[in-house]
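Have the sequence and the model at hand while reading.

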Amino acid sequence: MHPKLPLEYYQQVISVAEQTEPDVAVFTGDFISGVGALGRLKEVLRPIAKRQNYAVLGNHDYWVGPDAVRKVIGECGLRLLSGESHLLAVGDSEIAFTGYDYPWGTKDESIPRHEAEKLHIVLSHTPDNIYRISKSSADFAFCGHYHAGQIRLPVLGPIVVPSVYGRRFDHGHFIVNGTHLFVASGIGTVYPPIRIYCQPDMFVVDIVGDMNK
């Protein structure tokens with residue numbers, strides 16, 4: 001949450017997300033940019049999904065104070081995942097959700113693996129982890145971090161993306177070694193607190209059918 005953006009903006013974003021009636025909601029980090037935003041976060045964050053609401057921390061959360069952010073996320077009713085998986089029962093099957101917070105939360109490059117027949121979804125704040133994720137059992141990865149560059153030029157795209165891969169995974173849907181990667185531009189900003197030709201967004205993804213086909 002950036003102090004330059006009004007509380008009502010974030011509350012409206014949560015309301016719009018809730019109106020999509022998701023079965024599962026995932027929050028991929030950078031909840032706050034300063035410790036003073038913790039109180040505002042409590043006024044905004046809440047479960048919006050029918051089944052489960054998962055979260056991982058981002059680099060700003062770790063820089064500001066991970067324990068304080070974890071506490072608020074828990075109090076707001078979200079399940080925080082950090083180097084661990086949670087199995088969500090769906091009918092006769094289970095979906096594995098894993099939180100992977102390398103390099104800020106852990107220096108362990110390994111990712112929990114699951115059986116091939118179990119759908120496996122990984123949440124990672126930074127898409128820079130995608131090649132590690134794609135070597136695990138992950139079918140999907142949901143990330144953010146880049147804000148799609150925040151400042152983009154028509155045709156050329158983002159000026160700067162904070163990634164070791166440059167603009168390769170700046171925003172959108174990619175398939176890396178069979179793993180579906182979704183990189184949202186997010187809803188907030190960092191300094192400078194502006195977006196140019198870069199709309200904030202959140203993704204609604206329908207997962208249906210047999211992923212092996």
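In this predicted model, the buried residues of helix α1 are Leu-7, Tyr-10, Val-13, Ile-14 and Ala-17. Because they cover an arc of only 125 degrees around the axis, they lie on the same side of α1. Glu-8 and Gln-19, on the other side of α1, are exposed. What do the buried residues of α1 pack against? Their partners are β1 (24-27) and α2 (38-44).

The helix itself runs over residues 7-19, which makes 13 residues. From its first C-alpha to its last, α1 reaches 19 Å, close to the 18 Å expected at 1.5 Å a residue. Glu-21 follows α1 and has a positive phi, near 55 degrees.

Strand β4 covers residues 84-90 and strand β5 residues 93-99; they run antiparallel and are joined by seven bridges. Leu-88, for instance, has Ile-95 in β5 as its bridge partner.

Now take the chain as a whole. It contains five helices and eleven strands. The radius of gyration of the chain is 17 Å, which agrees with the value near 17 Å that a compact globule of 213 residues would have. Along the principal axes, the C-alpha atoms fill a box of roughly 45 × 40 × 35 Å. Of the 213 residues, 48% are buried. Among contacts with a separation of 6 or more, 60% are between residues 24 or more positions apart.

Technical notes:
Residues are numbered from 1 along each chain as its sequence is written. This is a predicted model: local features need pLDDT of at least 70, side-chain atom pairs count only at pLDDT 80 or more; totals for chains, interfaces and linings use all residues. Side-chain values use heavy atoms; hydrogens and water are left out. Helices (H or I, at least four residues) and strands (E, at least two) are DSSP runs, numbered from the N terminus. The expected span of a helix is 1.5 Å times one less than its number of residues. Buried means under 20% relative accessible area, exposed over 50%, partly exposed in between (1.4 Å probe, protein chains only). The arc is that of the directions from the helix axis to the C-beta atoms. Contact means heavy atoms within 4.5 Å. Two strands pair if DSSP finds at least two bridges between them. The radius of gyration is taken over C-alpha atoms; the globule rule is 2.2 Å times the number of residues to the power 0.38.
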